[in-house]
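Student: I am new to this protein and would like a close look at one part of its picture: the side chains that pair up. Please walk me through them slowly.

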Amino acid sequence: MNRIITLLFLSLLLWNCQLQNKPKTYVFDPPQIEDKEQYDIDSLPFFETEIMQVASTGYEKIISNDSLRARYNHFIDSVYNSYEEEDEEEWFDPIDTLISYRPSIIIDTTRAISYQVSKWHSYKLPTFSYGKEIYPQRHLSPSVYEDVKGYRVWVANLSDSIKYILTQDGDIMAIQEALTPEGKWKPIEYWAHSWCGNSIKPNPLSGLTYTYFTMPIYKGEYKTKIRLKVNNEEEILYSNVIEGTINLKQFQEPSEFVLPRYNARKKKGSWYGYIYFNEPDTIDVL
């Protein structure tokens, strides 16, 4: 009997130690942002389309770069100051154990905001003109814009560790996926990858840091579930699942992608699943 009590006591002690050593997590409570809209959001149209779209997200920091850098440096200093080096030969960098590529991705459906259908770099998304969708040529200037309804997507670090979110030329690399009638997740958007490796930048998020971007709200006759798939270098992240409507034709690839090299690979029969953030060993492109 005494042995059982001793084992129970040791188990509780071990469990308590594990809890104390586990990084803190926090309930997601996004800060309030005052959107400076020049128009009534309710009057904006939904994004109605009959073809798969190229994704474009943007990236907004709630905290200024200077403040973010100061918080990041303070976190780094506090970690090093709390670490006591015992054996120089076996010394390791404690920061490496606190780095994660898994921030939380949360689609905020509590309110609609504006999403600007425009260009990605020099590539243009379909825009609306007299009720018809058109593809403006790359050389057209000035750029054509159209505002539609969208949702804010939070990228949140809800812990005391360091988390990274990858951006490509200022865009978080995210595409929308939807459930097919067969119950399979398939993309309704694809990503336009930059040809320059310098376009990719990891952005550090210290504890309780938020950033955000915007996704369009599609509208169609097919009611389904929607989620975001995010390419974050070391990890593929998925958002929460939301209800939405799309056109079934959005599951079909466009006759031509916005990037000529995509069209060339498809024509030659080469694998191009990376535009959907799939792994090279994936058999199916979609």
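Tutor: A salt bridge is a side-chain nitrogen of Lys or Arg within 4 Å of a carboxyl oxygen of Asp or Glu. R102 and E235 form one, with their closest N and O atoms 2.9 Å apart. This pair joins distant parts of the chain: R102 sits in the loop between β3 (99-100) and β4 (104-117), while E235 belongs to strand β18 (residues 235-238), 133 residues apart. Those labels are DSSP runs, numbered from the N terminus: helices (H or I) of at least four residues and strands (E) of at least two.

Residues are numbered from 1 along each chain as its sequence is written, and side-chain values use heavy atoms, with hydrogens and water left out.

Back to our pair: R102 has a relative accessible area of 44%, so it is partly exposed, and E235, at 30%, is partly exposed too. (Buried means under 20% relative accessible area, exposed over 50%, and partly exposed in between, using a 1.4 Å probe and protein chains only.)

The structure holds five salt bridges. Another of them pairs K249 with E50, with 3.8 Å between the closest N and O atoms. Here 199 residues separate the partners: K249 is in the loop between β19 (242-246) and α3, and E50 in the loop between α1 (2-21) and β1 (53-54). K249 is partly exposed at 40% relative accessibility, and E50 is partly exposed at 47%.

A further salt bridge brings together the side chains of E243 and K225, at 2.6 Å from N to O. This one runs from strand β19, which holds E243, to strand β17 (residues 222-232), which holds K225, and the two are 18 residues apart. Both ends are partly exposed, E243 with a relative accessible area of 47% and K225 at 34%.

Now for the rings. The structure holds 10 aromatic pairs. Rings of Phe, Tyr and Trp (its six-membered ring) pair if their centres lie within 6.5 Å; planes under 30 degrees apart count as stacked, over 60 as edge-to-face and the rest as tilted. F47 and Y218 have ring centres 5.2 Å apart and planes at 35°, so their pair is tilted. F47 lies in the loop between α1 and β1, and Y218 in the loop between β16 (209-216) and β17, so the pair ties together parts that are 171 residues apart in sequence. Both F47 and Y218 are buried. Elsewhere, ring pairs link Y190, F257, Y262, W271, Y272 and Y274 into a cluster.

Charges meet rings as well. The charged end of K149 sits over the ring of F46, 4.8 Å from its centre, and R152 lies over the face of Y212, at 4.7 Å from the ring centre. (The test asks for NZ of Lys or CZ of Arg within 6 Å of the ring centre and within 35 degrees of the ring normal.)

Finally, a word on confidence. The protein averages a pLDDT of 75, and 65% of the residues score at least 70. Residues 120-143 have a pLDDT below 50; beyond near neighbours in sequence, this stretch has 53 contacts in the model (heavy atoms within 4.5 Å). Where pLDDT is low, the predicted coordinates should not be read in detail.

Methods. This is a predicted model: local features need pLDDT of at least 70, side-chain atom pairs count only at pLDDT 80 or more; totals for chains, interfaces and linings use all residues. pLDDT is the predictor's confidence in each residue, from 0 to 100.
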